[in-house]
Amino acid sequence: MESINIFKGYGKVIPDQLEDQTQTSNPKSPKPQKPIFSTLTISALICLTLVIGLLLAALIHESNSESPSLSNSNSAESAIKTICNVTRYPNSCFTSISSLNASPKPDPDAIFKLSLEISIAELSNVSSLLKTMNSDPATRDCVGQLEDALSRLNDSVSAMGEKALSQAKVNDIQTWISSAVTDQETCLDGLEEMGSTAVDKVKSKMKRSMEYTSNSLAIVANFKAILDKFHIPLH
């Protein structure tokens, strides 16, 4: 019976005890305190968001305003294509220049200079070939004309090496390259008129030199517009 009374005792509620327990378990709740740092935290988050936004905007602006010379690793190739697109023979222009271009950055001056050097190299080969052929009057005249063309092209390369490249200087270079093109055409015309047996061979060999020189002429004729595309002034 004692065990029953013990369990019954746990189930019996004494009024005084109930009141005490009620007061103990339900004390008067204190008023919630307002977080001290809540306002400061929100302000800090807003400021941080604004700072991050400004940094991102600055990075985007810098990326968009980058000059073509700093845009990406393939920019030099793109620049060569852009420049060669003004020529009559864009494929030969791009192939010949891109195979020799060592700079990862686009440089219209350097690309144009390469175009001239390629023209000189190819024309020198033709001139050397003519010198080994039978020395008839037409061939000798042709050699003289090609030597004159080479001189004009070399003058153009020298002018490109000068620090000041004014519009007047560009005009001079255009005149010299145009003369080099005319010299090659005159050479072929003379061989044909004289009935030279070398005309077909020379014409075949001169095809590339004439294309390359034509490419150089087209580039210099559009040089100001090309520089404008790269946001580069004449210098």
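**Getting to know this structure**

Student: Is Leu 50 buried or exposed?
Tutor: Start with the relative accessible area of Leu 50, which is 55%. The scale calls a residue buried under 20%, exposed over 50% and partly exposed in between, using a 1.4 Å probe and protein chains only. The value for Leu 50 therefore makes this residue exposed.

Student: What kind of model is this?
Tutor: Residues are numbered from 1 along each chain as its sequence is written, and side-chain values use heavy atoms, with hydrogens and water left out. Local features need pLDDT of at least 70, side-chain atom pairs count only at pLDDT 80 or more, and totals for chains, interfaces and linings use all residues, since the model is predicted.

Student: How many aromatic pairs does the structure hold, and which residues form one?
Tutor: Rings of Phe, Tyr and Trp (its six-membered ring) pair if their centres lie within 6.5 Å; planes under 30 degrees apart count as stacked, over 60 as edge-to-face and the rest as tilted. The structure holds one aromatic pair. Its rings are 5.6 Å apart, centre to centre, with 45 degrees between the planes, a tilted arrangement of Phe 112 and Phe 223.

Student: Where do Phe 112 and Phe 223 lie, and how many residues apart in sequence are the parts they tie together?
Tutor: Helices here are DSSP runs (H or I, at least four residues), as strands are (E, at least two), numbered from the N terminus. Phe 112 is buried at 0% relative accessible area, and Phe 223 is buried too, at 1%. Phe 112 belongs to helix 6 (residues 108-131) and Phe 223 to helix 10 (residues 223-229), so the parts tied together are apart in sequence by 111 residues.

Student: Which ring does the charged end of Lys 81 sit over?
Tutor: A charge sits over a ring if NZ of Lys or CZ of Arg is within 6 Å of the ring centre and within 35 degrees of the ring normal. The charged end of Lys 81 is 5.5 Å from the centre of the ring of Phe 94.

Student: How many disulfides are there?
Tutor: A disulfide is a covalent bond between the sulfur atoms of two cysteines. The rule used here takes a pair of cysteine sulfur atoms within 2.5 Å. Cys 84 is joined to Cys 93 with 2.1 Å from S to S, and the count by this rule comes to two.

Student: What is the handedness of the link of Cys 84 and Cys 93?
Tutor: Both Cys 84 and Cys 93 are buried. The angle about their S-S bond is -70 degrees, and the link is left-handed.

Student: How many residues apart in sequence are the parts tied together by Cys 142 and Cys 187?
Tutor: A disulfide joins Cys 142 to Cys 187, with 1.4 Å from S to S. Cys 142 is in helix 7 (residues 137-160) and Cys 187 in helix 8 (residues 167-193), so the separation in sequence is 45 residues.

Student: How many salt bridges are counted?
Tutor: A salt bridge is a side-chain nitrogen of Lys or Arg within 4 Å of a carboxyl oxygen of Asp or Glu. Among them is the bridge of Arg 152 and Asp 148, with closest N and O atoms 3.9 Å apart. The count comes to eight.

Student: Which helices hold Glu 192 and Lys 203?
Tutor: The side chains of Glu 192 and Lys 203 meet in a salt bridge, 2.6 Å from N to O. This pair links distant parts of the chain, 11 residues apart: Glu 192 is in helix 8 and Lys 203 in helix 9 (residues 199-221).

Student: What is the phi of His 231?
Tutor: Most residues other than glycine have a negative phi. His 231 is found in the segment after helix 10 and is exposed, at 67% relative accessibility. Phi of His 231 is positive, near 55 degrees.
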